[in-house]
Amino acid sequence: MNSTLAQREKVYRAYMDFFEKAERRRRWSVFDDIPWDKVEAVPHDETAALCAETFCGVEMYLPDYVAQGINCMRDTFGHGWFVANWGYEESKHALSLRMWLEKSGHRTWEQILEFERAVLSKRWEAPFTTPRQLSCYGAIQEQATFVIYRRQLECARERGDVVLAAVYEHISKDEAAHAGFYRDVLKLELEEDREGALADLAHTFANFQMPGVGLVPEYDARVGVMRSAGIDRNVFLTRVWLPTLKQLGVSRTDLLRARRPAVVPASSPSPEQPAA
Ligand SMILES: [Fe+2]
Ligand SMILES: [Fe+2]
């Protein structure tokens, strides 16, 4: 078996491991696993609504994420099937947030439809174009999204909103699992071609931006309101980037050595707001 076939086999095994755990331990229903019967008692909180609406907006670019991801990844079975399953799991994130916004009375159905129209009038374009670079992006972005949703979970619990807390708890478990799969794939990539994978990781980090930037309506104004509920650069480094490197067995020195000369680093990654 040549190297490429062996690598595809390993990605398939990683996907089957991910999928088995998802099927056996992580499946949840937007209908049955959120305590909607308690929604009447949800306290009104406009900041919480703005956060939920903004995250929902980022999650709603799902057709673009799936279309571009699956076309990029299709040549490797495990990758392609991951994107298909990922799309199903991500679809529940936007659904459950929309359901909370409407059922809790924070938004009318008409407002949700208007927001949907504004969101879908723009398209997300993949910031990277190779499967390995998209895996690097996925590992960072999913971990950042996990951290953001965990923060929202804590806020919802503090406010006594058990309904939104349940939504965020389910979503954040999904995001953690997605980050884990991308890290597993990156470990395989590092075994296969360490220098190439390190160069892609350095390139992706230097040019990293969360997917909603410039797409979600009134994004900048939303970020201003949401700042306390999001993650700043320090949190991004300590809870997203450094733990990801640690789990990959990569040091910052490794990355500096691997950085391609052509890369012009962004002044700073822009992790400040939400992701899918
Ligand atoms: Fe995710
Ligand atoms: Fe998501």
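1. First, the term: a cavity here is a set of points, on a 1 Å grid over the protein atoms alone, where a 1.4 Å probe fits but cannot get out, and its lining residues have an atom within 4 Å of a point. Grid points are joined across faces, edges and corners, and a volume is the space filled by probe spheres set on the points. On that basis the structure holds two cavities of 30 Å³ or more.

2. Housekeeping: this is a predicted model, where local features need pLDDT of at least 70, side-chain atom pairs count only at pLDDT 80 or more, and totals for chains, interfaces and linings use all residues. Residues are numbered from 1 along each chain as its sequence is written, chains are lettered from A and ligands numbered from 1 in the order in which they are written, and side-chain values use heavy atoms, with hydrogens and water left out.

3. The largest cavity has about 240 Å³ of space. Its lining has 16 residues, with Tyr65, Trp86, Trp124, Tyr137 and Tyr182 nearest the centre. Helices H3 (62-73), H4 (77-103) and H6 (131-159) each give two or more residues to this lining (helices are DSSP runs of H or I, at least four residues, numbered from the N terminus). H6 gives the most, with five. By class, the lining splits into 11 nonpolar, four polar and one charged (Ala, Val, Leu, Ile, Met, Phe, Trp, Tyr, Cys and Pro count as nonpolar, Asp, Glu, Lys and Arg as charged, the others, Gly among them, as polar).

4. The second largest cavity comes to about 30 Å³. Around it sit Glu53, Cys56, Arg98, Leu101, Arg107, Ile112 and Phe115. H2, H4 and H5 (109-120) each supply two or more of its lining residues.

5. Now the packing of H6 with H7 (residues 162-192): the axes come within 7 Å and cross at roughly 155° (axes are lines fitted to C-alpha atoms over the stretch in contact, with angles from 0 to 180 degrees between N-to-C directions). The two helices are therefore roughly antiparallel (over 145 degrees). The contact of H6 with H7 has 16 nonpolar, seven polar and nine charged residues.

6. H2 (residues 46-59) and H9 (residues 219-226) pack at about 135°, axes 10 Å apart, and are therefore oblique to each other. In H2, Thr47, Leu50, Cys51, Glu53, Thr54 and Phe55 meet Arg222, Val225 and Met226 of H9 (contact means heavy atoms within 4.5 Å). Those residues divide into five nonpolar, two polar and two charged. Note that Glu53 is in this contact and also lines the second largest cavity.

Technical notes. Angles under 35 degrees count as roughly parallel, over 145 as roughly antiparallel, 65 to 115 as roughly perpendicular and the rest as oblique. On a 1 Å grid over the protein atoms alone, a cavity is a set of points where a 1.4 Å probe fits but cannot get out, and a pocket is an open set with protein on both sides within 12 Å along at least five of seven lines; lining residues have an atom within 4 Å of a point.
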